[in-house]
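Subject: Handover of a structure

Dear colleague,

Please find the structure below, together with its sequence. I would be grateful if you would look through it before reading on.

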Amino acid sequence: MLLPTGNRQEGGTNYIPFQRVSQNRKHIKALKTVSLPQMIDNEKVRQNIEEKIKTESSKRLEHHMRRYGMI
């Protein structure tokens with residue numbers, strides 16, 4: 001479920017996802033994860049992302065060029 005944060009600033013987070021962990025309606029836990037910008041700034045992850053983009057983007061371009069008769 002999403003609960004409001006009370007944030008009134010523009011560009012901020014207005015809702016945070018929560019999950020109930022028991023039958024008690026007040027027993028909830030906030031779901032947290034790493035954001036996409038944080039992942040990209042991580043050196044180990046950035047290398048994998050760049051490598052994957054290099055290999056996969058050329059495959060996709062070739063596929064589309066073949067599909068539309070450009071090759």
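The notes below cover the sheet and then a surface patch.

This is a predicted model, in which local features need pLDDT of at least 70, side-chain atom pairs count only at pLDDT 80 or more, and totals for chains, interfaces and linings use all residues. Residues are numbered from 1 along each chain as its sequence is written, and side-chain values use heavy atoms, with hydrogens and water left out.

Three strands form an open, antiparallel sheet in the order β1-β2-β3. Strands are DSSP runs of E of at least two residues, and helices are runs of H or I of at least four, numbered from the N terminus; two strands pair if DSSP finds at least two bridges between them. At the edges lie β1 (2–4) and β3, each pairing on one side only. Three bridges join β2 (residues 15–20) to β3 in the antiparallel sense, and R20 stands opposite I28 in β3.

A nonpolar surface patch of about 510 Å² is made by V34, L36, M39, I40, I49 and I53. Such a patch joins nonpolar side chains (Val, Leu, Ile, Met, Phe, Trp, Tyr) within 5 Å, from residues with over 30% relative accessible area and no salt bridge (a side-chain nitrogen of Lys or Arg within 4 Å of a carboxyl oxygen of Asp or Glu). Areas come from the Shrake-Rupley method with a 1.4 Å probe. The largest share, three residues, comes from α1, while α1 (36–41) and α2 (43–67) each supply at least two. V34 is found in the loop between β3 (28–30) and α1.

How values were computed:
Patches are made of residues with over 30% relative accessible area and no salt bridge: like charges are joined within 9 Å, nonpolar side chains (Val, Leu, Ile, Met, Phe, Trp, Tyr) within 5 Å.
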